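Let's take a walk through a protein together. Keep the sequence and the picture side by side as you read.

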Amino acid sequence: MNVIPDVQSSVDVRNLPIQQVGIKNLRFPLQWASSNGPQATVAHLTMTVYLPAEQKGTHMSRFVQLMEDEAATVLDAQGLQRLTWEMLKRLDSAAGKLDISFPYFRTKTAPVSGIKSLLDYDVRVVGTVEAGVYHAELQVLIPVTSLCPCSKEISQYGAHNQRSHVTINLRHSGDMQIDELIDLVEEQASCQLYGLLKRPDEKYVTERAYENPKFVEDMVRDVAARLRDDARVSQFTVESENFESIHNHSAYALIQYP
Ligand SMILES: Nc1nc2c(ncn2[C@@H]2O[C@H](COP(=O)(O)OP(=O)(O)OP(=O)(O)O)[C@@H](O)[C@H]2O)c(=O)[nH]1
């Protein structure tokens, strides 16, 4: 039988370590543990490890094999930590990153009619091992309504309002839930969004936003003040992009802490 050469395992002499090597944008079905039980989703994964200078190539097939072996696992923050360490073990590396992005759905209840509908959020969870230490990162993009306080103040009628994307990215101790971040931002917004609204609901959300105006600066400060006081969070960024209805550009703010 012909022996297939293992080029990846040969020695490299250029004396250049590679900080991240692996696979990017693997689309893969998985389950994430939500507060309502396992949620099936389709994720995009980027899986990378550190490659020492003398090693020519990593073992690309082992990244995919890991996900195949874990296909039935319901993932959560602890599961991501276990999977990240398992990736390093299988790839025989001391450092690496497992980065998973997926759409996450919540059932919303319309404020007056009580009709239920789904709303989608972009979630990213990242497990990183650096210098032998594991770090958990969570990012959630929460779409909301913002209404301009200045416009309300100066106008005889109405106030301009728009959809805003509030993105939180944080490092946490491992027990921060996606739903907590969504609740936090939706409580601070002029109004939250719903997939389905009937006319009485539409009246409610219009008036609710009017009674609760926020600048883009108010939005990021109100969210950041709550995260700063959370002992589980070691560092974070909060961004808001308001797709202004009176401009063809966005209003934007970012707080980085510390
Ligand atoms: N390192 C490396 N591998 C590549 C590259 N392009 C394709 N491959 C992969 O090479 C893989 C096969 O290599 P390995 O994962 O090392 O497979 P193997 O040698 O049979 O298995 P192991 O014994 O586990 O290393 C295929 O899955 C290809 O995806 C590349 O640029 N670099």
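Is Arg90 buried, partly exposed or exposed? The model you see is a predicted one, and in it Arg90 has 15 C-beta neighbours inside 10 Å. A residue needs 20 or more to be buried and 12 or fewer to be exposed, so Arg90 counts as partly exposed. You can find Arg90 in helix H2, which covers residues 77-91. Leaving aside neighbours within four places in sequence, Arg90 is in contact with Arg62 and Leu66.

In soluble globular proteins, nonpolar side chains tend to be buried together. Here the largest nonpolar core has 47 residues, and Val140, Ile168, Val185 and Val223 touch the most other members. Strand E6 (residues 133-147) gives the most to this core, namely seven residues.

Finally, look at some backbone details. Most residues other than glycine have a negative phi, and most peptide bonds are trans. Asp92, however, has a positive phi of about 55 degrees; Asp92 sits in the loop between H2 and strand E4. Ala131 also has a positive phi, near 45 degrees, and belongs to the loop between strands E5 and E6. Ala131 counts as exposed because it has 6 C-beta neighbours inside 10 Å. Lastly, Tyr257 and Pro258 are joined by a cis peptide bond, with omega about -5 degrees.

Conventions: Residues numbered from 1 in each chain as written. Predicted model: local features only at pLDDT ≥ 70, side-chain atom pairs only at ≥ 80, totals over all residues. Core = buried A, V, L, I, M, F, W, Y, C linked by C-beta atoms within 7 Å. Helix = DSSP H or I, 4+ residues; strand = E, 2+ residues; numbered from the N terminus. Contact = placed C-beta atoms within 7 Å.
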